[in-house]
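This report describes selected parts of one protein model. Look at the sequence and the structure below before reading on.

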Amino acid sequence: MNNIFEQMLSHYQIVTEKDRRNAIYEVMQQITLAGLYRGGFFNKAAFYGGTCLRIFHQLERASEDMDFSLLAPDKAFKLDEYFPAIIEEFNTLGRDVVITKKNKQNFGKVESAFLKDDTEVYDVAFQTERGLKIKIEVDTQPPLMFQTEQKLLLHPFSFMTRCFTLPDLYAGKMHALIFRSWKNRVKGRDWYDFEWYVRKGIQLDFVHLQERIREFNGIEMDKEEFIRLLKERLASTDIKMVKHDVEPFIKNPASLEIWSNDYFLQLADRIKLE
């Protein structure tokens, strides 16, 4: 296996098969970012979501998907124009990947692709893991009123990634926590990230949150209504389902012992709104 790929994996503490899988996800994500950088993608787009928080702000949970937003609406944007740069970056490290574009009606304005490892260069356990893939989503008609910053990555080489600032990452997460519809499932990772923002004392950019709600949900919302809806979600959701979703992505499940509906309601009282 390519030495750089091995070096990138060596930065992770790998004890279990879950650890190894999560580490390879993150290495794949960093190589994808490198390819997008070389292709000039970050002149038009910015990185946001849980994976951005994990890679650039040391969020202590694994994350699979990669979410991006264009800096301005562009109906003509084609994600596949950047595929050659991503593929070339993996090839440089001795890896072959296949990128398959998916068009799903329920994705709405979001253009998606799957980046899947198509080689047999993992160890035996991962040679049998054919489903290993990361999903890329780009919002081509994004809600605006957000700020970005340049964040440094050192591997597989030194490069900058344009990212949402923390207050705007926070806004995106709170929008997801309140409005995400998973039918009978709950995305506990949203709750984990919410706890992280509160514990870190990050301010929530309410202007961008309002813009997201306006664009995606077609309604106006003030701070009081936001807190009311948030607390309604926090109070009514089955906390066991919340824990069950997030456990595969964290190293220490014992950290979830304090989680209860009341715990999250008290966290809601500590939100710092800009």
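F68 is found in strand 2; helices (H or I, at least four residues) and strands (E, at least two) are DSSP runs, numbered from the N terminus. The model is predicted, so local features need pLDDT of at least 70 and side-chain atom pairs count only at pLDDT 80 or more, while totals for chains, interfaces and linings use all residues. Residues are numbered from 1 along each chain as its sequence is written, and side-chain values use heavy atoms, with hydrogens and water left out.

At 0% relative accessibility, F68 counts as buried. Buried means under 20% relative accessible area, exposed over 50%, and partly exposed in between, with a 1.4 Å probe and protein chains only. Leaving out residues up to four places away in sequence, F68 touches L33, L36, F41, F42, A46, F47, Y48, I136, E137, V138 and D139, where a contact means heavy atoms within 4.5 Å. A45 is 23 residues from F68 along the chain, and the C-alpha atoms of the two are separated by 6.5 Å.

## Salt bridges

Side chains of opposite charge can pair when their charged atoms come close. A salt bridge is a side-chain nitrogen of Lys or Arg within 4 Å of a carboxyl oxygen of Asp or Glu. By this rule the model has 15 salt bridges.

E137, one of the residues that F68 touches, forms a salt bridge with K135, with the closest N and O atoms 3.0 Å apart. Both E137 and K135 are buried.

Which residue forms a salt bridge with R61? The partner is D193, and the closest N and O atoms are 2.7 Å apart. R61 lies in the loop between helix 3 (50-57) and strand 2 (66-70), and D193 lies in helix 7 (residues 188-200), so the pair ties together parts that are 132 residues apart in sequence. R61 is buried, with a relative accessible area of 3%, and D193 is buried at 0%.

D193 also meets K173 in a salt bridge, at 3.2 Å from N to O. This pair links distant parts of the chain, with K173 in helix 6 (residues 166-179) and D193 in helix 7, 20 residues apart. K173 is buried, as is D193. Through shared partners, salt bridges join R61, K173, R180, D190 and D193 into one network.

## Helix 4

Helix 4 covers residues 83-92, and its buried residues include F83, A85, I86, E89 and F90. Just after helix 4, G94 takes a positive phi of about 80°.
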